[in-house]
Amino acid sequence: MTEDPDMLDDLFQTARRTPAEPSSDLLARVQADALAMQPVRGAVLPAPQTGLFMRLLGALGGWPAAAGLATATVAGLWIGMFPPDLVSDGLSQVLYGADTMTVDPLGGFDYVLLEG
Amino acid sequence: MNMPYDAQAELDDAALLARYATGDAAAARQLTLRLTPRVFAHAMRLMHNTAEAEDVTQEALIRLWRIAPEWREGEAKVSTWLYRVTANLCMDRLRRRASVPLEDAPELADPAKGVEENMQDEARNMALQEALQQLPDRQRQAVVLRHIEGLGNPEIAEIMEIGPRAVESLTARGKRALSALLAGRRKELGYDND
């Protein structure tokens, strides 16, 4: 059988002109999938390169935790060098030249006891 | 920031897909409206079964949404990739079924045309579809891509993962087979009056 190019070409043209149309239900389903599966804005940005410092910072709990840690360190150093009256330890005895170390667990409650 | 809807329409598929991957909801809607008709029409040509073509369309596009964040512009055309995925999904379904029942001709009525002309278009479409369904799967795919989708041989070769010569051979054999199948229907389809 030989080809019939005229008829075939015309049939192809008709097919091109009149494609099957998707239903509105299919369009709605596809759009719902597209929106449900869409990456969240900003989530696809490449992850920044993290060095050792940033990894340690992350392990501590980030910048707020690091700031708290720094404050506690400075406060500890200050209390160690200039202790309040009620704070007495071996280091202050050495620093201030006392020969003996006394322990008075109720020192702060003297007035309370006298009044009672 | 979402682009205006009209501006999205100017972007090509890959650029729109890149915007989709950044979370642009307008791009999701534009891609849906642009790609769903193409994929559905192609699936219908290969399977001629509305329910199955709808399932294939939804599945093919789910695969596109999933791959969108890794899509690299310039590596492949979105349409080429979609034709390949769609065809593979259709072929899987066709292989699982011994025969796919032909449906009635889809509604193609164009109000701008006369009733007689619309009926003739539908009859011709149905005749072509019936003949296409009798071709081997790969011949049908090649003929549809070449003569209905209007693609060039290099792109068809990429979609079908074969050489351009094999594409030529498949389309030539497909057209010969179609002519043979439709030869007895010239008068019925209104071609003897041309």
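**Getting oriented**

Of the 194 residues in chain B, 38% are buried, where buried means 20 or more other C-beta atoms within 10 Å of the residue's own, exposed means 12 or fewer, partly exposed is in between, and C-beta atoms are placed from the backbone. This is a predicted model, so local features need pLDDT of at least 70 and side-chain atom pairs count only at pLDDT 80 or more, while totals for chains, interfaces and linings use all residues. Residues are numbered from 1 along each chain as its sequence is written, and chains are lettered from A and ligands numbered from 1 in the order in which they are written.

**Exercise 1. Work out the secondary structure of both chains and how confident the predictor is in each.**

Step 1: Start with chain B, which has nine helices and zero strands. Helices (H or I, at least four residues) and strands (E, at least two) are DSSP runs, numbered from the N terminus.

Step 2: Chain A comes to six helices and zero strands. Of its 116 residues, 9% count as buried.

Step 3: Now check pLDDT, the predictor's confidence in each residue, from 0 to 100. Chain B averages 88, with 85% of the residues at 70 or more; chain A has a mean of 72, and 46% of its residues reach 70 or more.

Step 4: Go element by element. In chain B, helix H1 (residues 5-10) has the lowest mean pLDDT (66) and H4(B) the highest (97). In chain A, helix H6 (residues 110-115) is lowest (58) and helix H2 (residues 24-36) highest (97). Where pLDDT is low, the predicted coordinates should not be read in detail.

Step 5: For the model as a whole, the scores are ipTM 0.83 and pTM 0.68.

**Exercise 2. Find the buried residues of helix H2 (residues 13-21) of chain B and say why they lie on the same side.**

Step 1: The buried ones are Asp13(B), Leu16(B), Leu17(B), Arg19(B) and Tyr20(B).

Step 2: They share a side of H2(B) because they cover an arc of only 160° around the axis, the arc being that of the directions from the helix axis to the C-beta atoms.

Step 3: Look just past H2(B), and you'll find Gly23(B) with a positive phi of about 95°.

**Exercise 3. Check the length of helix H5 (residues 78-96) of chain B and find what its buried residues pack against.**

Step 1: The expected span of a helix is 1.5 Å times one less than its number of residues. For the 19 residues of H5(B) that should give 27 Å, and the end C-alpha atoms are 27 Å apart, so the two agree.

Step 2: Among the buried residues of H5(B) are Trp81(B), Leu82(B), Thr86(B) and Cys90(B).

Step 3: The buried residues of H5(B) pack against H2, H3, H4, H7 and helix H8 (153-160) of chain B. Contact here means C-beta atoms, placed from the backbone, within 7 Å.

**Exercise 4. Describe the largest nonpolar core.**

Step 1: A nonpolar core is a set of buried Ala, Val, Leu, Ile, Met, Phe, Trp, Tyr and Cys residues joined through C-beta atoms within 7 Å. The largest has 53 residues, and Leu31(B), Phe40(B), Ala43(B) and Leu82(B) have the most contacts inside it.

Step 2: H3(B) brings the largest share of this core, 11 residues.

Step 3: Zoom in on Ala43(B). Leaving out residues up to four places away in sequence, Ala43(B) touches Ala53(B), Val56(B), Thr57(B), Thr86(B) and Cys90(B).

**Exercise 5. Are His48(B) and Glu161(B) buried or exposed?**

Step 1: His48(B) sits in the loop between H3 and H4 of chain B, and Glu161(B) in the loop between H8 and H9 of chain B.

Step 2: His48(B) is buried because 21 other C-beta atoms lie within 10 Å. Glu161(B) has 9 of them within 10 Å, so Glu161(B) is exposed.

Step 3: His48(B) has a positive phi near 50°, and Glu161(B) has a positive phi of about 55°. Most residues other than glycine have a negative phi.

**Exercise 6. How many residues does each chain bring to the contact?**

Step 1: Chain B gives 40 residues and chain A gives 29 residues.

Step 2: On the side of chain B that touches chain A, H3(B) gives the most, with 10 residues.

Definitions and conventions
Contact = placed C-beta atoms within 7 Å.
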